[in-house]
Amino acid sequence: MNALKSDAIASLLQRQQQAHKQQMTVSAEDRRERIQQIINLVVNNQQVLVAAIEQDFGGRSQGFSIMNDILGSLSCLKYTRDNLTPWLENDNRQVFSPYDQLGSTARVEYQPKGSVGIIGTWNAPLYTLLAPLACALGAGNRAILKPSEVVPKTAEVLQHLFQQEIDPLLVSVVTGGVEVSAAFSALPFDHMVFTGSTAVGKKIMRAAAENLVPVTLELGGKSPVVVSESCDLIETCKRIALAKSNNGGQVCVSPDIVYVPQKMLEDFTHELLASFRGFFPQISHNSDFVPSVNRQHCQRVVELVEQARASGCKVISSHDVASLSDLVSADKRLPLQLLIAPAKDTKIMQEEIFGSALVILPYEDINQVITDINSREKPLALYYFGEDQSELETVLANTTSGGVSVNDCLMHAAMHDAPFGGVGASGMGHYHGREGFLAFSHHRTVFFAPQHDPRGEWGLLPPHHDQFKAM
Ligand code: NAD
């Protein structure tokens, strides 16, 4: 990488941290005003932003980007702006002091940490930067954003807009390839938020460890769906088809593996494909269906499917297509590929799909499903479709995941006042709402000793005798 660029980012960080030291306390009003500046930037420039995303994806519809990235980011920013006061009212809260009989008190201060580094992904190129930024600013911090190099036009537009409209000592955007991201993750930020793959998340954490930078890692994984015998099949299939088609399957909480009762397998695949075709009568050049971001990612999904097919797995396509490979060089829109019970050693059973394919695993016994889910890395999301409360509670009690939606997919991620994040290989830490405010704040306990120190009268000073006994 250009050493000048690396030095320039390091120097920018130093200047932000210097500005923070000169104003360590940031009032609620200032925080709201800072968030408002970002809201104004997004609202006033939404057309240029969604046009850039459309160009980067080679055809992601502007309507989808407005819904996903613009409204998604704005709702996080506005929620934080409008709810800061109750969160800050807990600021300086008095805490119980075990030494209160001595006349002491204590309180907790939620201080801004300083400068937060935020590395985003290409699949939600604004949201993965601006949703964490909402929490970082709500907590009174400054920030430097690093958009993904896979969406260069969006990155360039963002950098330009922030340069024009926002004080760089408050929020800046830096651009560049993987080598810039690597150098960025090695800088001594006061907190780092990384959204991306588990493999790169490990590198980020290693780099951050050198400077003891606390990290929030928003990663991915293979999110399972448990379909119960007790479900409403048509509604279930409609909701899974809708969720799986969201962003062409390029969503961190996209359904990846669906467990279906063996006796419902045929009806389930039939209804799922019917729902999918109902939403997308055609795939090719259909602007409602988001294409793969680039040929390389499209090729990766095609290879996952073809490798499983070659190993004998039954593959059903939602739409007739002569050759999936031909679509890579066409418009990069893949019909939904259903893979029925691929062998365990196929790549599609090991890697996150992150595209237009879905694994279906038939089951006889719900306990098998639980064992299978627990044999994999802890997923980012888990979904249950059905009306059997006792079975649902069994699944919830015996599995873990970043979050859960019941009788729908993806929706828990849109709860602004509930923590969003992974567990184990799917991530570390949370953001959104008050949890995000707390994650990006330093919790400082301040103890106030009484003027008169009664410890001598209470016999608490050395030399100690044997009069104290634990009870
Ligand atoms: P990725 O890990 O390839 O890249 C993410 C970011 O990491 C990019 O900005 C890139 O510049 C940077 N990067 C790449 N190599 C690096 C290195 N060696 N050192 C430092 N930084 C490096 O992921 P992606 O392909 O952009 O996104 C897809 C993944 O992100 C999927 O796994 C998906 O599940 C996950 N994701 C998670 C969430 C969430 O909120 N949990 C949201 C969106 C996507």
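A residue counts as buried if 20 or more other C-beta atoms lie within 10 Å of its own, as exposed if 12 or fewer do, and as partly exposed in between, with C-beta atoms placed from the backbone.

## The model

This is a predicted model, in which local features need pLDDT of at least 70, side-chain atom pairs count only at pLDDT 80 or more, and totals for chains, interfaces and linings use all residues. Residues are numbered from 1 along each chain as its sequence is written.

## The annotated active site

An unreviewed UniProt entry lists Glu218 and Cys252 under "active site". They are spread over 35 residues of sequence but cluster in space, with a largest C-alpha distance of 9.0 Å. Such annotations may be inferred rather than shown by experiment.

Glu218 lies in strand β7, residues 215-218. Strands (E, at least two residues) and helices (H or I, at least four) are DSSP runs, numbered from the N terminus. Glu218 is buried because 27 other C-beta atoms lie within 10 Å. Leaving aside neighbours within four places in sequence, Glu218 is in contact (C-beta atoms, placed from the backbone, within 7 Å) with Phe194, Thr195, Gly421, Gly422 and Gly427.

Cys252 sits in the loop between α9 and β9 (255-261). Cys252 is buried too, with 28 other C-beta atoms within 10 Å. Not counting residues up to four places away in sequence, Cys252 touches Gly220 and Leu380.

## Helices α9 and α10

Helix α9 (residues 233-245) packs against helix α10 (residues 265-279) at about 55°, with axes 8 Å apart. That angle makes α9 oblique to α10. Angles under 35 degrees count as roughly parallel, over 145 as roughly antiparallel, 65 to 115 as roughly perpendicular and the rest as oblique. Axes are lines fitted to C-alpha atoms, for helices over the stretch in contact, and angles run from 0 to 180 degrees between N-to-C directions.

Residues of α9 including Leu233, Ile234 and Cys237 meet residues of α10, among them Phe268, Leu272 and Phe276. The contact residues divide into 10 nonpolar, 2 polar and 3 charged. Here Ala, Val, Leu, Ile, Met, Phe, Trp, Tyr, Cys and Pro count as nonpolar, Asp, Glu, Lys and Arg as charged, and the others, Gly among them, as polar.

## Helices α3 and α4

The axes of α3 (residues 46-57) and α4 (residues 62-89) come within 9 Å and cross at roughly 110°. The two helices are therefore roughly perpendicular to each other. Gln46, Leu49, Val50, Ala51, Ile53 and Glu54 of α3 make the contact with Gln62, Ser65, Ile66, Asp69 and Ile70 of α4. These residues divide into 6 nonpolar, 3 polar and 2 charged.

Methods: Contact = placed C-beta atoms within 7 Å.
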